[in-house]
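Dear colleague,

Please find the structure below, handed over for your own work. My findings follow directly after it.

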Amino acid sequence: MVQLWRSYYWVVGSFGQQLRAEIARVEAIRESEKRYQELFELAPRCLFSLTPDGTIQSANQFSAEYLGYSQEELLVVRLG
């Protein structure tokens, strides 16, 4: 019976460690995405992400100001 409880606590403890590691991994990814988004938005250069057919998927604020459009207006532009 004692061996069974030790096994149970080992499984539960192992699961808890894995869960904490996964939570830390997800939080690190979220922080990285947040830093990337801030870098994209605040860059003093025109930055765009495009779909394969050349439609602007996203554009930073500098792009909109530089080109004289709103960010929403840029999202319907197709380059090329």
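In this predicted model, the side chains of Ser63 and Asn60 are joined by a polar contact of 2.5 Å. The side chain of Ser63 also has a polar atom 3.0 Å from the backbone nitrogen of Leu47.

Ser63 is part of helix α2. Is Ser63 buried or exposed? Its relative accessibility is 0%, and because buried means under 20% relative accessible area, Ser63 counts as buried. Leaving aside residues up to four places away in sequence, Ser63 touches Arg45, Cys46, Leu47, Phe48 and Leu74.

The structure holds 2 aromatic pairs. One of them is formed by Phe62 and Tyr66, with ring centres 5.9 Å apart and an angle of 15° between the planes. Why does this pair count as stacked? The planes are under 30 degrees apart, so the pair is classed as stacked.

Both partners, Phe62 and Tyr66, belong to helix α2, which covers residues 61-67. They are 4 residues apart, about one turn of the helix.

As to accessibility, Phe62 has a relative accessible area of 31% and is partly exposed. Tyr66, at 60% relative accessibility, counts as exposed because the cut-off for that class is over 50%.

Yours sincerely

Key. Residues numbered from 1 in each chain as written. Predicted model: local features only at pLDDT ≥ 70, side-chain atom pairs only at ≥ 80, totals over all residues. Heavy atoms only, no water. Phe/Tyr/Trp six-rings, centres within 6.5 Å; stacked < 30°, edge-to-face > 60°. Helix = DSSP H or I, 4+ residues; strand = E, 2+ residues; numbered from the N terminus. Buried < 20%, exposed > 50% of the residue type's maximum accessible area, 1.4 Å probe, protein only. Polar contact = N/O pair within 3.5 Å; in protein donor to acceptor, adjacent residues only side chain to side chain. Contact = heavy atoms within 4.5 Å.
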